Amino acid sequence: MDNFITSMLKNFSSIYKFQENHQAFTSVPDMLKAMGGNEMYEYTQQTTRQTLEKISLNPTLIDELVTVVMRINYGQDVTLNGFAGAVSLAGSQGGLWSVEGGNWRVCDGLLSSSKATVYKNTRVTEVVKNNNGSTERPVYTLKGDGNIPDKQYDMVIVAAPLEISSYFFDCKGCRNWPSPKELGEFWRTVATFVHGQINLTHFGCGTEYDIPEVIGTTETPKNYFNSIGKQQPVENRTEEDPKGTPIRKVFSRSDLTDSQLNELFSSVNEVKVVSWLAYPHFTPPEKFWSFVLDDGVFYINAIEHSASAMEMSAVSAKNAALLAHQYYTGKASNVPPENSSSNTTPKGELTL
């Protein structure tokens, strides 16, 4: 299994060299095949179980270890596609990093450094393509509620899962725009944060120190939660609680009932529940939307049906930026610009 993950990560890392050389891809299969040949793409067309059985992984290991990792990272089991499974396994290894204060600070920092104009509490309900009856490239206008600016744009980059009905909007005149139900649904995950004492008796432990940092579960109907993880670091010491009762995050597929919480925890001081559509419901063989929805419209989230993660979104965002530059300047995707700091870079307002 370690050899499989190491090989997959080595192939995956080749995308950074492609992008350094300004090579962009119009489809997810083409990107995956460039990384690791047909085999990398084929991972998305079969289940994780099938992928790991082909490398002769023991079925018990798949059931009792790999399944646990899938339930923690994707809330699903080993029927999800093999590429997503490989990404999930890579994310369970050591040597991982997080940002102090929360990984959301990565996005916040990038947004700040981009100096983009951001319209908050603003919903786009439609993109309109305007050809103006000429041979020139089309321009696009945005319609919606809130502070939608009355402007024309050369390009539009969509960074939202259009499969989710509350995010979906149409593009009038776009030739490759999908329908919201064309590629399945997103998977709901419930994260329940509990400040309290775990039920030692239920887990057969003598003291708090016997409880592992992560409790995983296998895929059986009686397991109503996916995992319980101790949150580190969390500053929760008070005068009433000088030792600091731990805060644990419980992942589940549906809201936990009071009786289930009382079964898992002997005392509960505070509970916070976060429920959201976190990632696609992976159902191989996967189908993919194009990264290019129209002449000047690019779609970042097409990559999520191969695997969903911050790193995948970053790679796809870079690909969208390269596609946009290529479209705007007319330069071929596999030919680096003669001067990366040349004046061919698009100028103007960037609106999010």
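A search of the whole structure, a predicted model, finds 10 salt bridges. Side chains of opposite charge can pair when their charged atoms come close. Asp63 is partly exposed, at 33% relative accessible area. Arg49 is also partly exposed, at 27%.

Lys172 and Glu126 form another salt bridge, with their closest N and O atoms 3.7 Å apart. Lys172 sits in strand β4 and Glu126 in strand β1, so the pair joins parts 46 residues apart in sequence. Glu126 is buried, because its relative accessible area of 18% falls under the 20% cut-off.

Arg175 pairs with Asp294 in a salt bridge of 3.4 Å between the closest N and O atoms. Arg175 is in the loop between β4 and β5, Asp294 is in strand β10, and 119 residues separate them. Arg175 is exposed, at 58%, whereas Asp294 is buried, at 0%. A network of salt bridges links Lys129, Arg175, Asp294 and Asp295.

Arg71 belongs to helix α5. Arg71 is buried, at 2% relative accessibility. Its side chain makes a polar contact with the side chain of Glu219, at 2.7 Å. Arg71 also touches other residues, including Gln76, Asn223 and Arg253.

Helix α3 is kinked by about 130 degrees, with the kink centred on Gly36. Its 15 residues would reach 21 Å in a straight helix, but the end C-alpha atoms are only 12 Å apart. The buried residues of α3 include Met31, Leu32 and Met35. Among the elements covering the buried residues of α3 are α1, α2, α6 and α9.

Methods. Residues numbered from 1 in each chain as written. Predicted model: local features only at pLDDT ≥ 70, side-chain atom pairs only at ≥ 80, totals over all residues. Heavy atoms only, no water. Helix = DSSP H or I, 4+ residues; strand = E, 2+ residues; numbered from the N terminus. Expected span 1.5 Å × (residues − 1). Bend = angle between axes of the 7 residues up to and from the residue. Buried < 20%, exposed > 50% of the residue type's maximum accessible area, 1.4 Å probe, protein only. Contact = heavy atoms within 4.5 Å. Polar contact = N/O pair within 3.5 Å; in protein donor to acceptor, adjacent residues only side chain to side chain. Salt bridge = Lys/Arg side-chain N within 4 Å of Asp/Glu carboxyl O. Lists of a residue's contacts leave out its neighbours within four places in sequence.
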